[in-house]
Amino acid sequence: QRRAVVGKVVDENNVPIPSVSIQIKGSSAGVAASEAGVFEIHAANRDVLVFSSVGFVSKEVTVGTKSTINVTLVRETSTIEEVVVTAMGITRKTKSLGYSVQQIAGDELNKAREANVVNSLAGKLAGVRVTAQSGTLGGSSKIVIRGVSSLGGSSQPIFVIDGLPIDNGSPNIATQSGAAPTGIASVDYGNRAGDINPDDIESVSVLKGASATALYGARAKNGAIVITTKKGKSGRSSVTVNSSTRFDNVLKLPKFQNEYAQGTYGVYEVAQLNGWGPKISDVQDRQFTNFLGEQETLKAYPDNIKDFFQTGNTFMNSVSFEGGNEGADFRLGYSNTTQDGTVPNQSYKRNSLTLNGGRVFSPQFNARANVSYMGISSKGRPVQSSNNPNILGNVLYNIPRTVDMQKLRDNYINPETGQQIPVSPSRTGNNPFWIINNNGYSGDLERIYGNAVLNYKPVDWITVTNNIGLDVYNEFRKGVTRNGTIGMLTGGFTEANLYSRTLNNDLTITALKPIAKDLTLKALVGGNIYEQYFRRSQGDAQELTVDQLYSFANAAVVVTQNFQQRKRILGVFGEIEFNYKDFLFLNATGRNDWSSTLPVNNRSYFYPSVSSSFVFTEVMKKPSWLSYGKVRATWASVGSDESPYLTDFYYNPQSAGFAQYGYGVTFPFNGALAYSIPITSPAYNLKPQKQNSYEFGAELRFLQNRINLDVTYYKSKTSDQIVALAVPNSTGFRTLRTNAGTVQNSGWEIQLGIIPVKTSDFTWRIDGNFSKNKQIMTELPESIKTYTLASGWSSLQIRAEKGKEFGIYGTGWLRDPDGNIVIDPDNGYRVTTGDVRLGNLYPSWMLGVNNTFTYKGFNLGFLVDIRKGGTLYSSTVSSLRTSGMAIETAGHRDQPIIDKGVNETADGKYVPNTVAVQSTEDYWANNFVSSNTEANIFDASYVKLREVRISYMFPQKNFSGVFSFIKGIELGVEGRNLWIIHDNIPHIDPEANFFTNSTVGEGVEFNSVPTTRSIGFNVRLKL
Amino acid sequence: CKKFLDVNEDPNNAKAIDAKLLFSFATTSYVNNRAGGDLYIPMALGGQSVAGGGNSTLGISWGTRSEDAYVFSAFSYGNIWTQFYTSVGANLRDIIDKANTYTPKNNNGVAQAKVLLAQTVYDLTTIYGDIPYKEAFNFNLYPSPHFDPQKDVLDSVVALVDQALVLFDEDNETKFTGSYDMFYGGDISKWIKAAKSIKLRALLTMVDKEPARAAAIGTLITDGGLISAAADNMKVSFATTAGKRNPKYAINLQYNGGREFFYGSPYVVDFMNANADPRLPRFFDRPTGQTAYVGIEPGANANDAVHAKLAKTIHVADQPEFVFTYQEALFYQAEVYARGLGVSVNMARADELYKAAITQSCIFWGVAAADAANFAAARPSLTSMTAADAIAAIHYQHWVDKMDRGIDAFTEWRRSGPEGSETPALRPPSVVGGTNLFRRFQYPGSSEILANPNAPEISLFNVKMWFDL
């Protein structure tokens, strides 16, 4: 007589163990526990249930008369059988690894879900730095593992989903130079790994070092993020519904002064967008003309900028159907994410559908296919940087304090003429509501990726696997500027179509065989075919005839561009692993790649790696406080190629000639077409870039696993960097493609897990991730003093200098030998000096601390994320100060300012400054202009409360009778980016970065949209 | 496998092309940048032949300080250097260096490229001072070119023109012609006149510092063959169609609703007012209701109800970019005779040329021929003045004629006398406070100095260069 038996499986810390297999001993019947460890099985009193899960000691329980069976499984302490997914999707025992791998369960990522899965890795992994670019919905996030090692291009790791390396580009498109106002390049269209649906993820393995990624070859020189997706589990079918609703508001707004109106030197002027006008309280007896031409008494609107923003919302809903038996499994997942931004008219929508199924045809042969579709559409992506009339940051923050936002909202368009009512006729005078209601950048992306895996076992110790995968997307981007927008009065638009296709095939043969007593050999050989193809066509249209008709036929001039590129890699690879008595492991890999992008003579390159791991607690008499100990070491050498077509001299067709402000002429001009020699001197003899690295580490567990410690030291040297070296332009070229320079990264990673309290009902867990990376440019060709990695604006540059970390350079204050700022005795302004190093680009260390408290069904977790060091340049701060909007500009308005500093005397001595700047306006406007880089440089350190989550899991016993179909309900309240506990920069969130993840550049904020704080709730229901 | 990997042939670019395509790009880039925001605006405003209107929101400064208050952008320094060396110079040098690969040999094409290169290098050195030339455009041999003294650069400009004059052959039909020669449509006789005129300008730029160049000037004047009619003017036309317009017009159109951004400089306006110059309404538009033309001091805040702006008829869409004009050739010749450079001083001849130059200038600017002649005739005769006054009168008229030509006006002013005695006597903008006058562009950091170990120190924008006494 079988009947329902329910229960929950937890580990010794009372943490539910997901997906434990529960079999009725001696039969084929069985089920899998849920993600929350809950199970239900039909069994008879005499049956014995076998609970088993990888890494845990199996347990048998006789059913007897019990209807609820709660089981605690004990971790296998002597032989830790934890497994992680490594390169090529190979599952390996953690203890056999000679390098550090951190794996995060999908569940962990789905606590306080992020639309961009990359963001949810922030603070959770040692040595992994995640930077969101902006507050853009669907915006990009940059991920850097163990420091930036390349001078050129992206330092992004490869993303691999079920063996398929997917595209994680964030292609920038620039309007044709000289054809239209530039600046579209600074619209953040996201990074393509952000398309991944977090709900489909079973686990994420982060492979940090070259040894870990050696099997992937060149593509993984910056590490690998290996994602395994969920599959249907053997057992009863289930349906999971996961629903999150969140509300977003602006995390940090500038602090504005509220005392002064617009104007110059205390005189009201409606045309000026600033705070340099009269003191509002002094002129209450007078009337002034506002932007509508009305007479009014001046009044400050302290919340006018806050009132511009709205409460954004995010809905993430997903449902999945899964099930399977011994012969087949199936999972179908659908997910919908809908976001509305804090800036009106910004939205992001993503629908994704995934199907994963496998079938065992015979003991020798099985097959699996996995396909995911994503449809993404976004509207109102903001423009950052300069020179584009649609930049909101600049327009918004300069709106005078006396302007009522509601009045702007109600009056952005003249109802009679249909023309804009600007805030002022100046360059930044657009009414922000004109911009958000008429102009904007939108995108539509459709993507399919998937793969098919065939496994064949001719004999029981050999497995032949072929994994073929394809990742295709098409993206359409459009940006429109309506006629009458200041800065582009005749209107215009840009449309671009981007198409990308990645094809990958891996064939591997694995042999596993004991070759002697206590010694097992595992060998793998494989071949890889890889192709990446990208195509873009784009049209930039100017001067529209009919208002708001964005058709090329409606434009007086259209400049078109097209571009395509193809790259192929062939690789063969092998791995050999010796396992001695399961405590000593030796592993060696080798891979040879042939890349289409290198000169024929240099296109083949080989890279080896060796690693070893030794579980010393297996062979020693260990003290009672030490539960487990392992040491590991590894060395690897990796090569890498470059983008296609860099190795030959080509004449480039030109669609326009350059002239500042974007109005150079387009070709054909006066009847002539045009070509130019390349701006980059080609690299006829390009060699592969080379990275040598080693790593040592130890894993220790104490006090019955109550304390886990994992320490890693690594060092990598990346030489023969493939760079576009800035050359003197007088040579006729701007850059030279060559191999040059060596970047060294070394550092420590420490992961510490502590369980300070553990009772039968209550557990407190602390997980800390600490990392410290030291980057040094160890070699640079003699001919150059520094290498420019990225250019900012005015004088700002991001550069590499020999013996130093990458840093920010620009105009600095001239200082006397004691470090005092030198003041110009003629006018009282600070004296500037060109080209000074102003700080390290990257943080010196990072720490993430995650606390989890569990009490019965309750779970509370919070994550604190700390970054120490690094530098940030903020143009927003510059603009707030020079325009007299920032709170600090309200002081001293009535008196001359004698700046702190020194004057140089005629005999070259320095004496304290006595020269006053006559007006506060001149003081701020001259000293803090954006071209004075140092004036706008800040320490980028922060302490942030990154995420908080409280959840409650309803006990299974609550669901009986008609509700017994419910297998679990979990309710949660969650928040992300809740609080900047500490920072050193006024007015903006220190976590801002203008550059997309396709460049090395960061540390520059340029009129970005403020980041958001989200709070919401989540329901997870399993049927 | 080999075939699978042989896909590195760029489908977006060409391995071989007709050299005329490089010449059209070099030409376009050259005039685009001369008329564009990086050279025209800082040179016209910094050189004070045009005013920006200070913080006026309707002026080019858009409510913040800009070039008329000596706020120069590092972008301008960098872009002009980069554009003139890479987009213009390097393409011309590619034509010259690979000349032997053409069949039939295109000597005229090489000469055309050499003249334009000479003019580009002349502009580069008058903008920046000492610059790389001898080791420039030759990356394989000279990855870090040395900077040549300005004297050597200007001598090289003369030498390039001389080489071109040897190569030009009016009977040879192989040349850059038609739409690919945007200056003269393949008229080699006009190229020869332009080449000689450019040579004269370079020599006159040197002669104050290097009096020995007077002999060559004398020879050029005596031999003749300079630009001798408005039809010979060296210029590139822009068009009224969108995307083909003069950048000066396009900036006004896109950023100011077609309103003019630039104001009259008092150094021009006051001088013309004093003479009741018939070119005044051609140069400037008075605000409605104003009876007089009023200039605004560079850097000071303009008032649109009071101050005159450059005439709408100047910054029109199809305003050509002029590199050398007939009246300019006349002003130079007047100066040569007034100063006796390689010829005997001949003030009567100078006066004749001076008045012809003024007449041509008036006609150029749209004054009726008869009015132009009357106005010129009414100018006090140079023969009635001291030599110094006569020379200054030529310089002032010459400078006024070049008001809208940015770098050309600026160089003419710097050339007009030693420091403190230039014509006109400019003063630093009063909003700036104690500083010296604008004298040059600073060397650009990223596009040259930082990458070139052989680069000299950066000279500030208010430090004079070699030719500027």
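Just after helix 5 of chain B, B:G129 takes a positive phi of about 95°. Helix 5 itself is mostly covered, with 21 of its 22 residues buried. This is a predicted model. The points below cover the contact between the chains, the cores, a helix pair and some backbone details.

**Where chain B meets chain A**

- On chain B, 76 residues are in contact with 75 residues of chain A.
- Four helices of chain B give two or more residues to this side: helix 1 (2–5), helix 2 (20–35), helix 4 (74–97) and helix 9 (247–256).
- Helix 4 of chain B supplies the largest share, 13 residues.
- By type, this side of chain B has 37 nonpolar, 32 polar and seven charged residues.
- A:S596 sits in the loop between strand 31 (584–595) and strand 32 (604–614) of chain A.
- Beyond its neighbours within four places in sequence, A:S596 is in contact with A:K567, A:R568 and A:P644, and also with B:L5, B:V7 and B:N8.
- A:S596 counts as buried because 22 other C-beta atoms lie within 10 Å.

- Helix 5 of chain B covers residues 107–128; at 1.5 Å a residue, its 22 residues should span 32 Å, and its end C-alpha atoms are 31 Å apart, so the two values agree.
- The largest nonpolar core has 285 residues.
- Helix 5 of chain B gives the most to this core, with 12 residues.
- The residues with the most contacts inside the core are A:A224, B:V115, B:A118, B:V157, B:I198 and B:A334.
- Not counting residues up to four places away in sequence, A:A224 touches A:A87, A:P157, A:I158, A:V160, A:L207, A:T213 and A:Y216.
- A second, separate core has 20 residues, including A:V5, A:I17, A:A33 and A:I69.

**Helices 13 and 14 of chain B**

- Two packed helices are described by the angle between their axes and the distance between the axes.
- Helix 13 (residues 347–364) and helix 14 (residues 369–378) of chain B pack at an angle of about 145°, with their axes 8 Å apart.
- Helix 13 of chain B passes helix 14 of chain B in a right-handed crossing.
- From helix 13 of chain B, B:K355, B:I358, B:T359, B:C362 and B:I363 take part; they meet residues of helix 14 of chain B, among them B:A369, B:D371 and B:F375.
- The residues of this contact divide into nine nonpolar, one polar and two charged.
- Helix 13 of chain B has 18 residues and reaches 25 Å from its first C-alpha to its last, close to the expected 26 Å.
- Its buried residues include B:A350, B:L353, B:Y354 and B:Q360.
- Their cover includes helix 12 (326–339), helix 14 and helix 15 (387–401) of chain B.
- Just after helix 13 of chain B, B:G366 takes a positive phi of about 105°.

**Backbone exceptions**

- Most residues other than glycine have a negative phi, and most peptide bonds are trans.
- A:D518 has a positive phi near 70° and is not a glycine; A:D518 lies in the loop between strand 28 (492–516) and strand 29 (519–544) of chain A.
- A:D518 is exposed, with 11 other C-beta atoms within 10 Å.
- A:K581, also not a glycine, has a positive phi of about 50°, and A:K581 counts as exposed because it has 12 C-beta neighbours inside 10 Å.
- The peptide bond from A:F667 to A:P668 is cis, with omega near 5°.
- A cis peptide bond also joins B:T423 and B:P424, with omega about -10°; B:P424 is in the segment after helix 16 (407–415) of chain B.

Technical notes. Residues numbered from 1 in each chain as written. Chains lettered and ligands numbered in written order. Predicted model: local features only at pLDDT ≥ 70, side-chain atom pairs only at ≥ 80, totals over all residues. Contact = placed C-beta atoms within 7 Å. Nonpolar A, V, L, I, M, F, W, Y, C, P; charged D, E, K, R; others polar. Expected span 1.5 Å × (residues − 1). Core = buried A, V, L, I, M, F, W, Y, C linked by C-beta atoms within 7 Å. Axes fitted to C-alpha atoms, helices over the stretch in contact; angles between N-to-C directions. Left-handed = near helix turned anticlockwise from the far one by under 90°.
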